[in-house]
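Thanks, everyone. One structure today, and I'll keep it short.

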Amino acid sequence: MKGKIIPLNPRGQGEQGGSAVNESALPEAKLIQEVEQIIWKTASRAPAALRERLIAIAEKGERHCPTLFLLIALLRQIEPRQAYRLGASLEALHLALKTHREIMEADGGSIKEEILCGDFFFGLALTLAGNQPPVIQGMSEVITRFVDCSIDTSEGPAVLPGQCKNYLQKLCDGMASIYALSCTLGAWYAGLKTWQNEALSFYGLYLGIGLQIRREVDEFYDCLREKQPVFRARLPAIYLLGESPLRQKLAPLLNKRLSERERVLLLQEVKRLDPRAYLDRVIGNCFSKSAHFIGLLDESVDQKTLSSLKSLIS
């Protein structure tokens with residue numbers, strides 16, 4: 001898939017990396033707390049008008065990106081304090097992307113405040129990246145892809161029925177790319193070989209796609225419990241549009257708050273078509289591909305690290 005981040009060369013060396021493993025360096029909860037402390041400490045110093053909202057956004061962070069980065073990066077004890085900063089940088093980038101994506105789907109609230117919060121986290125990501133050109137380059141690529149994908153999908157009616165494959169490609173090029181970036185940067189930081197970096201990059205990419213689709217599925221079914229749900233133009237909706245004979249009635253409902261009559265119509269189609277089976281199959285395929293690529297490293301990377309990475313595929 002096109003959304004794979006190009007693997008980075010090992011940090012400060014050629015093809016000799018990846019052999020010296022520190023088995024005690026796995027980042028448990030305490031190490032993720034190091035990342036959180038960096039994020040919260042910076043947010044607490046932000047302008048007072050944004051401080052409370054920034055901290056609230058940070059608290060909702062999933063920590064997948066710094067976890068992936070640190071699990072791989074700390075295979076070798078290379079400046080661990082800097083590793084925490086780079087992990088926090090990736091978390092800040094993820095928070096920024098999520099905040100700006102949610103702005104496009106917002107029904108209310110202070111859009112100006114959300115834009116400023118997203119911009120703050122973008123700035124924080126770049127600041128924490130410091131003088132590491134590979135990190136800045138990778139982040140720039142992810143941001144560019146995110147913008148490109150958002151332009152195409154920000155208006156629901158532009159997402160046509162039968163476009164599940166195209167949407168999956170957009171996830172690959174967009175939100176999932178930061179997972180691949182987290183893995184490839186971790187491999188670069190640890191000095192792993194190029195082929196190991198590439199395997200980890202694909203592992204992160206397919207993991208990211210699967211996690212994003214699972215999130216969309218959960219949000220979709222949670223939304224259906226609301227009295228006036230918003231019919232988001234995401235994979236569950238796109239699948240329904242492609243399968244339903246009522247697509248001409250459903251398509252105009254994308255990205256709008258539904259009336260009770262419209263909600264009943266949507267619920268009837270969801271019950272009749274049962275999209276969860278298809279969506280679960282797609283998620284399973286993504287995790288299966290992710291497991292394949294991490295499995296390529298069984299004989300060359302510390303087993304405790306691989307076990308932790310494999311535990312994320314479920």
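I'll go through the fold, then confidence, then the core.

Ground rules. This is a predicted model, where local features need pLDDT of at least 70, side-chain atom pairs count only at pLDDT 80 or more, and totals for chains, interfaces and linings use all residues. Residues are numbered from 1 along each chain as its sequence is written, and side-chain values use heavy atoms, with hydrogens and water left out.

The fold. The protein chain has 14 helices and zero strands. Those are DSSP runs, numbered from the N terminus: H or I of at least four residues for helices, E of at least two for strands. There are 314 residues, and 54% count as buried, meaning under 20% relative accessible area with a 1.4 Å probe, protein chains only. Take contacts, that is, heavy atoms within 4.5 Å. Of those with a separation of 6 or more, 80% link residues 24 or more positions apart.

Confidence. pLDDT is the predictor's confidence in each residue, from 0 to 100. The chain's mean is 83, and 85% of residues reach 70 or more. Residues 13–27 fall below 50, yet the model gives that stretch 36 contacts beyond near neighbours in sequence. Residues 153–159 are also below 50, with 13 such contacts.

Now the core. A nonpolar core is a set of buried Ala, Val, Leu, Ile, Met, Phe, Trp, Tyr and Cys residues joined through side-chain atoms within 4.5 Å. The largest one has 102 residues. Helix H9, residues 194–223, gives the most, with 13. Which residues have the most contacts inside the core? Phe69, Leu93, Phe121, Leu200, Tyr203, Ile213 and Phe231. Look at Leu93. Beyond its neighbours within four places in sequence, Leu93 contacts residues including Phe121, Met139 and Leu181.

Conventions:
Buried means under 20% relative accessible area, exposed over 50%, partly exposed in between (1.4 Å probe, protein chains only).
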